[in-house]
Amino acid sequence: MFIRVYMQASTEVEATTYLQKLLNLGERVKLSLKKEKCEPFLDTFAVELEAKAASEKQVNELLKSIAPKWNQLPNSFIATEKETELHIHHIEMIEVYPEI
């Protein structure tokens, strides 16, 4: 599983702090999310996470815990702050690729 998150943050430390809630949600569904990259992107921070061997149940539970509504693309699911009420503050957009 691969996740890309765009966080409303002005520093990497701030983005990492906000990211902790998402990491905690991963732990709740027994999914170890590992931060691979965190870098500035326009006026946000882009954070990339990876998890090994996520089951369909884990993916579905994680998606439900992040947002009530997701748009399904051919290879991923996407949720934005503008389209749905994300359960994690400071996230502008999140895209989840269940299989990498």
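With which residue does K34 form a salt bridge, and how far apart are the closest N and O atoms? The partner is E36, and the closest N and O atoms of the two residues are 4.0 Å apart. A salt bridge is defined here as a side-chain nitrogen of Lys or Arg within 4 Å of a carboxyl oxygen of Asp or Glu.

The structure is a predicted model, in which local features need pLDDT of at least 70 and side-chain atom pairs count only at pLDDT 80 or more, while totals for chains, interfaces and linings use all residues. Residues are numbered from 1 along each chain as its sequence is written, and side-chain values use heavy atoms, with hydrogens and water left out. The pLDDT is the predictor's confidence in each residue, from 0 to 100. For the protein chain its mean is 93, and 99% of the residues reach 70 or more. Confidence is lowest in helix α2 (residues 56-66), at a mean of 93, and highest in β3, at 97. Helices (H or I, at least four residues) and strands (E, at least two) are DSSP runs, numbered from the N terminus.

By the stated rule, the salt bridges number four. One of them joins the side chains of R4 and E48, at 3.4 Å from N to O. R4 lies in strand β1 (residues 2-7) and E48 in strand β3 (residues 44-50), so this pair ties together parts that are 44 residues apart in sequence. Solvent exposure is classed by relative accessible area as buried (under 20%), exposed (over 50%) or partly exposed (in between), using a 1.4 Å probe and protein chains only. On this scale R4 is partly exposed at 22%, whereas E48 is buried at 17%. In the pair described at the outset, K34 is exposed, with 53% relative accessibility, and E36 is partly exposed, with 42%. A further salt bridge links K52 to E50, with the closest N and O atoms 2.8 Å apart; K52 is exposed, at 64%.

Nonpolar packing was examined next. In soluble globular proteins, nonpolar side chains tend to be buried together. A nonpolar core is a set of buried Ala, Val, Leu, Ile, Met, Phe, Trp, Tyr and Cys residues joined through side-chain atoms within 4.5 Å. The largest such core comprises 31 residues, and I66 and I94 have the most contacts inside it. Two or more residues are given to this core by each of β1, α1 (12-28), β3, α2, β5 (77-80) and β6 (91-97). The most come from α1, which gives five residues.

I66 is located in helix α2 and is buried, at 0% relative accessibility. Contact denotes heavy atoms within 4.5 Å. Leaving aside neighbours within four places in sequence, I66 is in contact with L22, L25, L86, H87, I88 and I94. The C-alpha atoms of I66 and L86 are separated by 6.0 Å, although the two residues are 20 residues apart along the chain. With the same exclusion of neighbours within four places, I94 is in contact with I3, R4, V5, L22, I66, W70, F77, I78 and A79.

Two backbone angles remain to be described. L42, which is not a glycine, has a positive phi of about 50°. L42 is found in the loop between β2 (34-41) and β3 and is exposed, at 79% relative accessibility. H90, likewise a residue other than glycine, has a positive phi near 75°. H90 is found in the loop between β5 and β6 and is partly exposed, at 29%.
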